[in-house]
Amino acid sequence: MIDFQVTEEEEGLLSTAARFGEERLRPAERPHEEARRYPEALVHEYRELGLGTLGLPEALGGAALAAPVQVAVRSELAAADPAAPLGLDPLGPGCVALASTPAGRALIAEAREGAVAVAEGIRVEGGRARGRVGWLPRGGLHWLVLADDRGVYRVDAPRWAPVAARPCGLRACGGVEVVLEDAPAESLGGADLARQVLAECRLYAGALLLGAARDAHAAAARYTQERVAFGRPIAHHQGLAFQLADAATDLEAARLLLEAAASRGHAAEVAGAHAYVTEVALRVVERSVQALGGHGYLQDHRVEKRMRDVRSLASLWGGAVLSERDAALSVLDAPEAVGDAS
Amino acid sequence: MIDTTLDAGFRNVLLIMRQVGRDLLRPAGLEAEATGEPLPVDHPLFVSWNRMGLSLGLAQGRRGGGEAAPGQAPSRMARSAILAAEELAFWDQGALLALPGPGLGGPPIQLLGNEDQRRRFLEEPFRDPERPAWGAYATTESAAGSDVARIRTAARRDGDHYVLHGDKMFITNGARASWVVVFATVDASLGRAGHRAFVVERGTPGFGVGRIEKKMGLTASETAGLFLEDCRVPVENLLGGERGEEAKAGFKTAMATFDLTRPMVAAMAVGIGRSAWERARDLAREAFGAAPYAARELGVLDRLATARRRLDAARLLCWRAAWRMDHHERNTVEASMAKVHAPAAALAATSAALDVCGLAGVVDPRVERCYRDVKVFDIFEGTGEVQRIVLARRLFGYPSEG
Ligand SMILES: Cc1cc2nc3c(=O)[nH]c(=O)nc-3n(C[C@H](O)[C@H](O)[C@H](O)COP(=O)(O)OP(=O)(O)OC[C@H]3O[C@@H](n4cnc5c(N)ncnc54)[C@H](O)[C@@H]3O)c2cc1C
């Protein structure tokens, strides 16, 4: 039934995430970024609250939350610090899908530092992987899972090095560069699993993009109602007021589209929603910096960081380039918009 | 958190409307396209529609304002109305607007009218399904559209009557209506506080029909100019009280109907967009076969996918606005968001559909008509700019006189 009700339990989770964000993440956002890592105590606290394993089955120590709830909770965290979920989660996204296979469960049970990457620029052939991943937002790596159009592969003990250059955003996650030269790659599943893994990564990225953009918009909305130019708050000049109204509308549309895609679970729909969210988030953060003028360009304001963080997020897992392609390739077979059985 | 499935009840609404749309609206709409004229009042569509005993939910605004007592059970009315609006528009928007009934004139009478007025205007004219009847709603004038405060149609009390003088423009079903709710001013210097609403009945001396407009689209729907020349309207036809304060409070209540009509109108835009989109999708299916695709085909698929997600997002905004109304929660922001977003998404979808169909689309009424029909959705029921002002007021403290 067409329904948008947030249950009391969901409300509780969201407020836990929001409180953790406001109290523990936002105040130290810049120091964390500067250090390019999160302190151990914070990592511990985050995981104690259960925020790091929202979607994993209970048997694997997770909370088994439905996908749309995961989206909402991660958005809430990302509003306070867009880097936090990636930097604090013990395992990156993709693991819920992997947990559907025995080999994937074994991997997760090891619970050591790992990541899922889309094998762009990497060739996996005959059980061997070759190529380079320029940047993964992790502090270290015991294993790497690669997904491409044909399947999902596990690479153990990949050769990695901390990225020397400062990434555009998400700096608090740290960052590694991975080079694979004929690394043994064990298959975990075929194209179906790859689609699910990728869908999970896209929902994850989408949630963070939304949270970050929503926060930038909120900051811009507040600032522009206080800042006066030409005799009135700048938010009350129509050119700016309309842009703010459009941003609010676009963010709401993007949120609904992403949560709906999460609830329906069609991989192609998730790809489309991810492409949409990415486009909206990139636009909103840029407009939010613009709304603060020169001040927005300074590290004094969080819109500066949101614009960089969103750009980094937009590049993960193939970004909108790949999700646009996937949405396009499946559009002729997509379920009917209204009235389909699902 | 979110559930976008249709339960049996909503599915039923959808299927009924699908049948009505396919069997009645589509053929009538194409007929109007062929003649280039609004559907004549004796078109069989209207009696067929009446016999089905369906309503579009427009007349069901709640008396006494939008808010409800806490704990009141959720309704399904708004969501049903939204589903119906999209589905009927999918088949033909012009014919949908031409359907008999009180139309946009319903809500002000329902909300501001007394019992006698509701009986005379909402019940009696519509009692006999074999004799289709229409109501209409007239605020717009040639020199006053978005800026409603500028209307100049004057109302002057004279004994048991008001004398109305002025002209109205763009009135949907205005020429065929049994009555028109006409907004006029008792004192132009007062702005909106001087406005009063009158039910002007057809045949009242001095009340006449001007031009039937020729439009870009919505051919099946009649858009009329009206004039009032010292037209004497009995006091019993004044809606919502004579005193300024009373009338103002009444209009505020009447404005609450926008909270439903805006998402409905937005949903109609989505329906038109989906109509063109599905036609283009079907043609692409026939033409392209399976992957791998040529470069041009990939470009086409990308256009379809982009249009699809924008439309889907627009639909969700409409649904959410309706869901809030059904749950008796204030939804003015959500309603305006839907109305801002959907017309643009729908226009883009119709244009993308034309891209997909190539030159054949330009002469395919199932595609090019949608492009012409949908443009007006960013104009009527509050332009896109007006919606942004509503949003800016509610969200960013934008001043009211802006
Ligand atoms: C097919 C059709 C059916 C209609 N049916 C009815 C009906 O049944 N009853 C009825 O009363 N009316 C009806 N209308 C009229 C419709 O509601 C008006 O056209 C609409 O309100 C816009 O008014 P306008 O045309 O005078 O444009 P204007 O108000 O003159 O607007 C022109 C442009 O200026 C912009 N603008 C105006 N004010 C501002 C501002 N403050 N800031 C920024 N931009 C601004 C507008 O958004 C628009 O883009 C209908 C119109 C059409 C086309």
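The structure is a predicted model, in which local features need pLDDT of at least 70, side-chain atom pairs count only at pLDDT 80 or more, and totals for chains, interfaces and linings use all residues. Residues are numbered from 1 along each chain as its sequence is written, chains are lettered from A in the order in which they are written, and side-chain values use heavy atoms, with hydrogens and water left out.

Where chain B meets chain A, 54 residues of chain B are in contact with 54 residues of chain A, contact meaning heavy atoms within 4.5 Å. The area buried between these chains is about 4,900 Å², of which carbon and sulfur atoms give 65%; buried area is the accessible area (1.4 Å probe) that two parts lose on being put together, summed over both. Met1(B), Arg309(B) and Phe396(B) supply 20% of the area that chain B buries against chain A, more than any other three residues.

Three salt bridges cross this interface, each defined as a side-chain nitrogen of Lys or Arg within 4 Å of a carboxyl oxygen of Asp or Glu. One salt bridge joins the side chains of Arg281(B) and Glu336(A), at 3.2 Å from N to O.

Within chain A, the C-alpha centres of domain 1 and domain 3 lie 19 Å apart, where domain bounds come from an automatic or database domain assignment. Their contact takes 18 residues from domain 1 of chain A and 24 residues from domain 3 of chain A. Between these two domains there are seven salt bridges, and Arg26(A) forms a salt bridge with Asp215(A), the closest N and O atoms being 2.8 Å apart.
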